[in-house]
Amino acid sequence: MHRVTEFAPALTIGGSASRRGHVALALADSGAPYEDALANWENVAVYYAAIRSDGSGRVRALPGLRAPLLTYNLTEGDMSRLARALVHLGEVLLAAGATEMYPSVTGGVTARGLDDLVQWWDAMTRNRANLMTVHLTSSVRIGEDETRTGTDSFGRVWGFSNLRVNDASLLPDAPGVNPQGPVMAIAARNSDHFLAGS
């Protein structure tokens with residue numbers, strides 16, 4: 001795995017899990033014919049272009065549905081950063097010896113050289129980009145005002161003595177990096193507070 005932080009904190013690029021299922025999911029997002037690449041998946045790697053977004057989202061429980069509805073609004077700046085991140089990713093991979101690259105953009109050109117990357121920039125639109133997040137944060141606000149927050153400062157859900165939240169949903173904002181460290185720090189702090197009998 002490699003991670004390029006030259007353009008951080010606005011954007012980062014790096015390697016991701018690349019087992020057969022991950023490769024299939026990534027190739028499906030491209031919308032391009034990928035049967036040959038999937039048949040040769042051991043020689044395919046999944047890479048990402050990530051941004052620190054200025055947008056915001058919501059998590060809503062809807063009557064009759066088991067899973068919540070998540071929505072997110074990207075700003076124009078977000079879209080520009082995504083396009084730039086995707087082009088930088090292509091440049092890095094070509095320099096490293098990549099021979100064929102499939103962007104997560106519906107109808108995006110399969111790039112085999114630098115000239116193809118220019119088309120990626122124009123293809124990065126809200127309707128064509130296939131975006132995802134693996135680090136959803138900030139869905140349960142913490143604080144001491146019960147009217148504005150879901151839990152107290154230590155993750156105890158208001159109105160319950162035996163229910164606590166101790167995950168990335170407590171982070172007040174997306175940190176722009178993998179949130180494992182901050183999540184572990186908050187969970188350790190909250191666990192110590194709980195074990196101390198507070």
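Two strands pair if DSSP finds at least two bridges between them. The model used here is predicted.

**Exercise 1. Work out the strand order of the sheet and find its edges.**

Step 1. Start with β1 and β2, residues 11-15: two bridges join these antiparallel strands. Val4 sits opposite Ile13 of β2.
Step 2. Extend to the whole sheet. It is open, has three strands and runs β1-β2-β3, with antiparallel pairing.
Step 3. Look at the edges. β1 (3-4) and β3 (47-51) each have a single partner strand, so one side of each lacks a neighbour in the sheet.

**Exercise 2. Decide whether Asp78 is buried or exposed, and list its contacts.**

Step 1. Locate Asp78: helix α3.
Step 2. Apply the cut-off. Buried means under 20% relative accessible area. Asp78 has 0%, so Asp78 is buried.
Step 3. Check side-chain partners. Asp78 makes a polar contact with the side chain of Arg81 through its own side chain, at 2.6 Å.
Step 4. Set aside neighbours within four places in sequence. Asp78 then contacts Ile51, Arg52, Ser53, Asp54, Gly55 and Asn73.

**Exercise 3. Describe the largest nonpolar core.**

Step 1. Count its members: 17 residues. Leu86, Trp120 and Met124 are among those with the most contacts inside this core.
Step 2. Assign helices. α3 (76-95) and α4 (114-123) each supply at least two residues. α3 gives the most, with eight.
Step 3. Separate the other core. It lies apart and has seven residues, including Val165 and Ile186.

Terms used: Residues are numbered from 1 along each chain as its sequence is written. This is a predicted model: local features need pLDDT of at least 70, side-chain atom pairs count only at pLDDT 80 or more; totals for chains, interfaces and linings use all residues. Side-chain values use heavy atoms; hydrogens and water are left out. A nonpolar core is a set of buried Ala, Val, Leu, Ile, Met, Phe, Trp, Tyr and Cys residues joined through side-chain atoms within 4.5 Å. Buried means under 20% relative accessible area, exposed over 50%, partly exposed in between (1.4 Å probe, protein chains only). Helices (H or I, at least four residues) and strands (E, at least two) are DSSP runs, numbered from the N terminus. A polar contact is a pair of N or O atoms within 3.5 Å; within protein, one must be able to donate a hydrogen and the other to accept it, and residues adjacent in sequence count only if both atoms are side-chain atoms. Contact means heavy atoms within 4.5 Å.
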